[in-house]
Protein chains: 2
Amino acid sequence: MKIGILGTGDVGKSLGAALVRRGHDVMLGTRDVRRKMEEKATEDAPQSFHEWLSKNKKIRLAPFAEAAAHGEIVMNAVAGHAALEVLAKVKPSDLKEKILIDVTNALGPWGEGPIELFVANNDSLAERIQRAHPNVRLVKALNTVTAHIMVNPAGLASGDHDVFVAGNDPEARERVARFLREEFGWKTVIDLGDLTAARGLEMMIMVWLKIWAALGTSDFNYKIVR
Amino acid sequence: MKIGILGTGDVGKSLGAALVRRGHDVMLGTRDVRRKMEEKATEDAPQSFHEWLSKNKKIRLAPFAEAAAHGEIVMNAVAGHAALEVLAKVKPSDLKEKILIDVTNALGPWGEGPIELFVANNDSLAERIQRAHPNVRLVKALNTVTAHIMVNPAGLASGDHDVFVAGNDPEARERVARFLREEFGWKTVIDLGDLTAARGLEMMIMVWLKIWAALGTSDFNYKIVR
C-alpha cells in the first residue's frame, strides 16, 4: 500500500521504517527536502537524517504536499504545534476521503515555556484538524505511546498493553484498528468512538510525561485492566 | 486511626465502609446532617443514606467541619465542583499539618452542560485546594478509579493494576502510598512527584469516561506496563 507520512522526527522515522519492512511504498513528507538532507548530526540526534535515509533506502523523502498526495493512507506525525500549518500546504483534493491517522500531541516546541497543551478539555488538536479538513477521515491513534512502541508493541511485555482509536467515521476507525493489528502487531485496539474522545487521548500526554519522569524511561504503556 | 471523610456519595460511603471494617474511627462529613438523614431513596439510589448508615453503625455522620476536625487523616470525597466551598467551612487550624487525600475530579454537576473540566491543563483542582489551604499536606490519589475499586483493588484482576499519588510533601506522599497499600491492598502505588502531576491525573477522567462508555462498565483500571 502507498503510505504518506508527514514528519521526519522519531515518530515519522519509526513509522516509515516499520512500514517499509512490511513491504509498503512509503513517502516521508518534510518542509524543505534539501535542507532536511543537509541537516548535520547533533548531540541529541547523533545520526543525521541523511544517514538514516541511506539505511532505509526504500523510503522516499518529499515535500509535505507530495507525501500526502502519495498516500492511500496518510499519517500525521509532525510536531503538534505545526500540524495545522503543515496540513494547510496539502491540497484538499489530495486528502479527500482518505484516512488520516493523527498521531500528534498538542504540545508546544520542546523547552519553550511551561509544559502545557495549546488545546485541551473542550476541544482537541484532532478536532481542529478535522474541522480544517472536513473531507478527510481522521482517526486519532498511537499518540499515547513512545515512537518505537507504536511500531513494535511486542517489544514491551509481549504486547500485553493497549492502544486506542477515535474518529467520526466508524468504518475508518475499524480500518485503522485493523491496520494497527496487522502492520504493527497490536493485540488490543480499543475503539473510543467519535472524535470528542481525542480530547481525553490528547490530555493523557500530561500524565504520560509525569509517569516518564517517575519511571525514568518512556518504555511503558497503559493496559486497561478489566 | 481517626479518619474524617468529606462527602457522602458513592466514594465517601465506599471509603467509610472499608475503613470501618479495618477498625478505624470514621466520621463522614455532610452539609446538613438532618437533611441527609431524611433523604429518601430514589430510582438512582434505591438505598437511602439513612438505611446505609444503619448497616454501617460504627460510622458517625457530622457537619463537614466536624468531620475534618475529627480526622488525623482527612479524605476529600465531595463532588469536585463543591470542593473549595466545602473546605472553606473548615477552620484552618483543623486541617493544619494534616494529610488531606484528595479524591476529587474537576467535573461540574452531572447532566448539566457538556462534559468538561472546570480546571485543567495548566492548573488543577488539587492545586487550587492546596493554595486555599497552604498548611494542609495535600496528596492527590484514587481519582482515577471507580469507588468500589478504590477500596478493593483485588476485586479486579487480582489487583494487578495501578494507582498514583502526587503532592508537594514527599513524606506525605509516602505515608499515603503506605495507607493505600495497607488499608485497601493496592499492590503498586506510583509516586508522580509534586502536585503539578495532579493536572495529568485529573485530566485522565476525560479518557476514563470514554473508556467507560466503550467497555460498558466502570469496572476497569489502568496498569502501567513496563
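## A strand pair in chain B

In this predicted model, Ile5(B) has Leu28(B), in strand 2 of chain B, as its bridge partner. The two strands involved, strand 1 (residues 2-6) and strand 2 (residues 25-30) of chain B, run in the parallel sense and share 5 bridges. Pairing here means that DSSP finds at least two bridges between two strands; strands (E, at least two residues) and helices (H or I, at least four) are DSSP runs, numbered from the N terminus.

## The sheet and its helices

Zooming out, chain B has an open sheet of 8 strands in the order 3-2-1-4-5-6-7-8, with mixed pairing. Its edge strands, strand 3 (60-63) and strand 8 (188-191) of chain B, each pair on one side only. On average, neighbouring strands of this sheet are turned by 25 degrees against each other, direction ignored.

Helix 7 (residues 125-132) of chain B packs on the sheet and touches strand 4 (73-76), strand 5 (99-102) and strand 6 (137-141) of chain B. Its direction makes about 170 degrees with that of strand 6 of chain B. Helix 9 (residues 170-184) of chain B also packs on the sheet, with strand 7 (162-166) and strand 8 of chain B among the strands it touches; its direction makes about 45 degrees with that of strand 6 of chain B. Contact means heavy atoms within 4.5 Å. Axes are lines fitted to C-alpha atoms, for helices over the stretch in contact, with angles from 0 to 180 degrees between N-to-C directions.

## Two helices that cross

Helix 1 (residues 10-21) and helix 9 of chain B have axes that come within 10 Å and cross at roughly 70 degrees. That makes the two helices of chain B roughly perpendicular (65 to 115 degrees; under 35 is roughly parallel, over 145 roughly antiparallel, the rest oblique).

Leu15(B), Ala18(B) and Leu19(B) of helix 1 meet Phe179(B), Glu183(B) and Phe184(B) of helix 9.

## Where the chains meet

The contact between the chains takes 34 residues from chain A and 34 residues from chain B. About 2,800 Å² is buried between chain A and chain B, and carbon and sulfur atoms give 71% of that; buried area is the accessible area (1.4 Å probe) that two parts lose on being put together, summed over both.

## Reading the numbers

Residues are numbered from 1 along each chain as its sequence is written, and chains are lettered from A and ligands numbered from 1 in the order in which they are written. Local features need pLDDT of at least 70, side-chain atom pairs count only at pLDDT 80 or more, and totals for chains, interfaces and linings use all residues, while side-chain values use heavy atoms, leaving out hydrogens and water.
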